[in-house]
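Hi everyone, thanks for coming. Please have a look at the model on the screen, and then I'll walk you through a few spots in it.

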Amino acid sequence: MLPLPAPDAPPRLARILYAEDDANLGFVTRDNLERRGYQLTHCLDGAEALAAFQGGEFDLCLLDVMLPGLDGFALARRIRELNAQVPILFLSARALGEDRITGLRTGADDYITKPFSLEELVLRMEVFLKRATVTAPASPAAHRLGSYTFNAANLTLSHASGSVRLTQKEGQLLTLFAQRPGQLLRREDILRQLWGTDDYFMGRSLDVFISRLRKHLRHDARLQLRNVNRVGFVLEVGAG
């Protein structure tokens with residue numbers, strides 16, 4: 001990877017947890033990202049990265065999958081137990097579709113295969129960082145979905161059985177359905193809006209997030225996130 005020119009630093013240094021055991025790749029990536037104005041904590045194994053996360057505050061996590069000791073998938077699960085909202089992006093040489101799906105099922109928000117360009121990495125990071133720092137409105141809109149209340153501003157989904165904090169991608173997807181209950185949302189439209197592409201692997205990623213939303217909404221049988229074969233999805237809200 002060739003070094004990128006360093007643009008003006010952002011007003012606040014975004015704090016990034018970076019877990020990568022390849023020292024050369026880690027140095028180049030860290031150097032390039034720090035020159036672009038990010039503040040990185042680089043860890044060489046999963047246990048070190050988990051300890052760093054427990055002892056600090058981070059705006060985003062970049063995790064390799066093949067980490068010594070505690071691998072990236074296990075690390076992501078532990079991070080999700082501690083924080084439901086921090087964006088997690090996998091960086092991995094494992095390009096198989098099943099590895100991508102496994103990564104997303106652990107609670108990750110994105111999966112980037114190696115080799116990757118720094119420009120692509122930065123663009124994907126900025127998508128999550130910008131969404132995380134958008135100022136919420138004074139009176140954030142709350143959506144009533146059956147017996148649930150979904151607050152899109154703070155990514156909370158509340159029910160009599162308890163409240164959960166959604167990841168950014170889960171919140172963005174549920175917002176689309178909450179804004180259009182009973183309406184068919186086409187797969188390609190969802191993919192282009194949330195992922196920027198409608199290729200096969202992103203389609204598999206969407207299916208994982210649909211499954212995650214169904215699990216979150218399981219306490220109200222009136223809510224059905226129905227699949228319309230090869231077309232899209234409908235959030236049906238039955239009368240109670």
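**Around Asp64**

Leaving aside its neighbours within four places in sequence, Asp64 touches Ala19, Glu20, Asp21, Gly72, Phe90, Leu91, Ser92 and Lys114, where contact means heavy atoms within 4.5 Å. Before I go on, a word on the source: this is a predicted model, where local features need pLDDT of at least 70, side-chain atom pairs count only at pLDDT 80 or more, and totals for chains, interfaces and linings use all residues. Residues are numbered from 1 along each chain as its sequence is written, and side-chain values use heavy atoms, with hydrogens and water left out.

Back to Asp64, then. Its place is in strand β3, residues 60-64; strands here are DSSP runs of E with at least two residues, helices are runs of H or I with at least four, and both are numbered from the N terminus. Is Asp64 buried or exposed? Asp64 is buried, with a relative accessible area of 4%; buried means under 20%, exposed over 50%, and partly exposed in between, using a 1.4 Å probe and protein chains only. An unreviewed UniProt entry lists Asp64 under "modified residue: 4-aspartylphosphate", and such annotations may be inferred rather than shown by experiment.

Now the sheet. Five strands form an open sheet in the order β2-β1-β3-β4-β5, with parallel pairing; two strands pair if DSSP finds at least two bridges between them. β2 (39-43) and β5 (110-113) stand at the edges with a single partner strand each, so one side of each has no neighbour in the sheet. From one strand to the next, the twist averages 20°. Between β4 (residues 88-92) and β5 there are 4 bridges, and Ser92 stands opposite Thr113 in β5.

Next, the aromatic rings. How many aromatic pairs does a search of the whole structure find? It finds 3, and rings of Phe, Tyr and Trp (its six-membered ring) pair if their centres lie within 6.5 Å, with planes under 30 degrees apart counted as stacked, over 60 as edge-to-face and the rest as tilted. Phe53 and Phe58 are stacked, at 6.1 Å centre to centre with 15° between the planes. Phe73 and Phe90 are edge-to-face, at 5.3 Å and 85°. That pair links distant parts of the chain, with Phe73 in helix α3 (residues 72-82) and Phe90 in strand β4.

Notes:
Axes are lines fitted to C-alpha atoms, for helices over the stretch in contact, and angles run from 0 to 180 degrees between N-to-C directions.
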